[in-house]
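Welcome, and thanks for taking a look at this one. Please have the viewer ready before reading on.

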Protein chains: 2
Amino acid sequence: MKRDSRLSSVLHALLHMAANDGPMTSEALAHCMHTNPVVVRRTMAGLRQAGLVRSEKGHNGGWTIACDLNAVTLRDIHAALGEPAVFAIGNRNAAPECLVEQAVNAALDDTFREVETLLMERFGRLTLAQLAEDFTGRLAAHHEKIRSQQNAV
Amino acid sequence: MKRDSRLSSVLHALLHMAANDGPMTSEALAHCMHTNPVVVRRTMAGLRQAGLVRSEKGHNGGWTIACDLNAVTLRDIHAALGEPAVFAIGNRNAAPECLVEQAVNAALDDTFREVETLLMERFGRLTLAQLAEDFTGRLAAHHEKIRSQQNAV
DNA sequence: GCATCATGTAATACGTAAAGTTACATGAAA
DNA sequence: TTTCATGTAACTTTACGTATTACATGATGC
């Protein structure tokens with residue numbers, strides 16, 4: 001497995017849900033994301049627990065957004081997923097006895113901490129509404145392109 | 001494997017080499033790092049290719065630093081290792097057709113690009129000499145602590 | 001009530017990349 | 001020419017996200 005793509009996945013799902021009225025089933029979302037309903041349920045479980053989405057069983061069941069898109073940021077989503085590790089790089093030993101390794105760890109830890117802080121700040125500024133708006137813009141551009149192609153024929 | 005610790009490993013090795021005069025064998029380094037000589041050779045191969053270290057066979061062989069500690073930064077080391085992936089988080093699909101996913105990817109890509117730039121800048125400011133100096137300070141503090149403990153008895 | 005739909009979750013397997021291990025070739029020094 | 005040390009290929013192990021299977025639970029509609 002190359003990288004953890006859960007954040008990307010749930011954002012994709014949330015935006016599809018936002019663009020649809022009514023609940024979407026795990027199967028429908030799985031189809032959008034070229035994966036499997038069980039993976040969707042498992043990945044979305046954290047968001048449900050955080051109160052960001054709701055899920056309902058039975059006929060007309062499925063997933064619904066339960067939050068204000070303007071109020072929820074990528075940082076909230078990352079937290080709802082259990083704050084998965086950001087970096088693929090890390091120290092060899094967490095608490096080494098060797099003074100050399102302590103010096104190396106201290107430098108790396110400081111750097112990664114600072115960089116992670118910036119990432120979380122950026123995540124904290126990006127709302128779901130902004131992503132949805134970006135999508136709307138892309139959709140409009142896409143329609144415009146289609147229309148101009150038809151006119152050219 | 002939880003995380004890629006090669007950067008941490010080679011820094012550890014380099015600082016041990018800097019504190020020793022004469023070459024250090026892969027076995028000695030492996031002992032310091034609680035690993036295996038073959039792993040040391042494999043990990044250090046990139047540094048040798050980049051001209052940062054030298055290795056020699058036979059009696060009195062082993063690894064030697066071949067660069068100016070003041071001139072080499074963590075960024076150089078990271079490059080010498082082949083620029084391993086920094087983030088454990090990423091997009092699900094690199095070039096999706098879905099406009100929703102494109103919007104998500106664009107936002108994440110921008111953010112990660114910015115953050116990676118900061119990380120590389122920080123790495124570019126951290127020299128091996130600075131790490132070595134930090135180690136020297138820790139060593140002095142350690143000796144001071146030992147001495148005061150002996151005085152107390 | 002009962003068939004159907006949809007989620008919830010456990011158990012298991014798969015894919016990938018670093019780390020660990022074994023084995024053997026190469027080359028330098030005593 | 002023996003010994004020491006690196007160089008490297010091949011294989012195993014480990015970790016973890018992802019994929020899949022199987023089955024339980026609960027809600028809806030007839």
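What follows is a short tour of the interface and then of two pockets.

This is a predicted model. Chain B and chain A bury about 4800 Å² between them, and the largest pocket has a volume of about 610 Å³. The second largest pocket comes to about 300 Å³.

**The interface between the chains**

- Chain A brings 50 residues to the contact, and chain B brings 50 residues as well.
- Of the area of about 4800 Å² that the chains bury, 68% lies on carbon and sulfur atoms.
- Two salt bridges are found across the interface of chain B and chain A.
- R122(B) pairs with E114(A) in a salt bridge, where the closest N and O atoms are 2.7 Å apart.
- Between chain B and chain A, 14 residue pairs are in polar contact, with both residues at pLDDT 80 or more.
- On chain B, the side that touches chain A draws at least two residues from each of α1 (6-19), α4 (74-80), α5 (99-125) and α6 (128-152).
- α5(B) supplies the largest share of that side, with 18 residues.
- Sorted by class, the side of chain B that touches chain A holds 28 nonpolar, 14 polar and eight charged residues.

**The largest pocket**

- With a volume of about 610 Å³, the largest pocket is lined by 27 residues.
- Closest to the centre of the largest pocket are R3(A) and D4(A) from one chain, and I89(B), G90(B) and N91(B) from the other.
- Elements of both chains give two or more residues to this lining: α1 (6-19) and α3 (37-49) of chain A, along with α4 and α5 of chain B.
- α5(B) gives the most to the lining of the largest pocket, namely six residues, and α5(B) also has the largest share of the side of chain B that touches chain A.
- The lining of the largest pocket is made up of 11 nonpolar, six polar and 10 charged residues.

**The second largest pocket**

- The second largest pocket has a volume of about 300 Å³ and a lining of 17 residues.
- V86(A), F87(A), F112(A), E116(A) and R3(B) are the lining residues closest to the centre of the second largest pocket.
- In chain A, α4 (74-80) and α5 (99-125) each give at least two residues to this lining.
- α5(A) has the largest share of the lining of the second largest pocket, at five residues.
- By class, the lining of the second largest pocket counts eight nonpolar, three polar and six charged residues.

Definitions and conventions:
Residues numbered from 1 in each chain as written. Chains lettered and ligands numbered in written order. Predicted model: local features only at pLDDT ≥ 70, side-chain atom pairs only at ≥ 80, totals over all residues. Heavy atoms only, no water. Contact = heavy atoms within 4.5 Å. Buried area = accessible area lost by both parts, 1.4 Å probe. Salt bridge = Lys/Arg side-chain N within 4 Å of Asp/Glu carboxyl O. Polar contact = N/O pair within 3.5 Å; in protein donor to acceptor, adjacent residues only side chain to side chain. Helix = DSSP H or I, 4+ residues; strand = E, 2+ residues; numbered from the N terminus. Nonpolar A, V, L, I, M, F, W, Y, C, P; charged D, E, K, R; others polar. 1 Å grid on protein atoms, 1.4 Å probe; cavity = no way out; pocket = protein on both sides within 12 Å on 5 of 7 lines; lining within 4 Å. Points joined across faces, edges and corners; volume = space filled by probe spheres on them.
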